Amino acid sequence: MKKAGVFLILSALLAACSPTSKDHFEPTANESAQNRKDNMWGHGIINYHLTKNNPKFNYSSETNKNPHDYQKLNTARFDISDDQDKIRQAVVSETGINPQMVTINGNYAHIHLNVPPNVSGRKKAKMRREIKAAAEQAVPRYKFSVKVDS
């Protein structure tokens with residue numbers, strides 16, 4: 001008798017969990033495309049062609065109006081390479097020497113400059129201070145480290 005009671009309770013629970021009609025939320029894999037009700041959250045990539053099927057909506061227009069989004073490649077945008085160019089220009093205008101390397105990592109900018117071997121240590125220190133001041137003036141959003149080598 002106890003086994004029959006447990007069997008009835010389990011069968012009632014399993015019957016309550018199974019769909020009994022065709023109007024359930026998630027379509028099965030073997031249903032046709034006309035019977036699917038939820039195209040966006042269906043069975044993965046098999047439904048990809050059904051995600052954009054609204055005839056009243058134009059999907060070719062720009063829906064994202066973010067100004068930093070690269071949807072049009074013909075407009076000018078400022079990025080890290082523009083900051084590197086400004087730093088290079090500041091170094092050249094200050095010292096007359098083209099920096100060997102300008103790198104930007106986060107909010108740190110690193111400038112590496114090679115000078116002739118006959119430049120004294122005092123002159124290098126002065127150049128380092130002048131380069132740092134000129135770079136901070138040109139692009140103030142970075143913290144600078146300047147390396148001057150012979």
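**Chatting through a predicted fold**

Student: Hi! Which residues does I111 touch, leaving out those up to four places away in sequence?
Tutor: Hi! In this predicted model, I111 touches I87, V91, P99, M101, V102, I131, A135, F144, S145, V146 and K147.

Student: Okay, and which residues touch the most other members of the largest nonpolar core?
Tutor: I111 is one of them, along with I87 and F144. That core has 17 residues. At least two of its residues come from each of α2 (80-95), β1 (101-105), β2 (108-114), α3 (121-138) and β3 (143-149).

Student: Let's switch to the sheet. In what order do the strands sit?
Tutor: The order is β1-β2-β3, in an open sheet with mixed pairing. β1 and β3 each have a single partner strand, so one side of each is left without a neighbour in the sheet.

Student: In which sense do β2 and β3 pair?
Tutor: They pair in the parallel sense, over 7 bridges. For example, H112 has K147 in β3 as its bridge partner. Two helices come in here too: α2 packs on the sheet and touches β1, β2 and β3, while α3 packs on the sheet and touches β2 and β3.

Student: Tell me about α3, then. Which of its residues are buried?
Tutor: They are K124, M127, I131, A134 and A135. Seen down the axis of α3, the buried residues fall within an arc of 95°, so they line one face of the helix. They pack against α2, β2 and β3.

Student: And which exposed residues are on the face turned away from that buried side?
Tutor: That face of α3 carries R122, R129 and Q137.

Notes. Residues are numbered from 1 along each chain as its sequence is written. This is a predicted model: local features need pLDDT of at least 70, side-chain atom pairs count only at pLDDT 80 or more; totals for chains, interfaces and linings use all residues. Side-chain values use heavy atoms; hydrogens and water are left out. A nonpolar core is a set of buried Ala, Val, Leu, Ile, Met, Phe, Trp, Tyr and Cys residues joined through side-chain atoms within 4.5 Å. Buried means under 20% relative accessible area, exposed over 50%, partly exposed in between (1.4 Å probe, protein chains only). Helices (H or I, at least four residues) and strands (E, at least two) are DSSP runs, numbered from the N terminus. Contact means heavy atoms within 4.5 Å. The arc is that of the directions from the helix axis to the C-beta atoms. Two strands pair if DSSP finds at least two bridges between them. Axes are lines fitted to C-alpha atoms, for helices over the stretch in contact, and angles run from 0 to 180 degrees between N-to-C directions.
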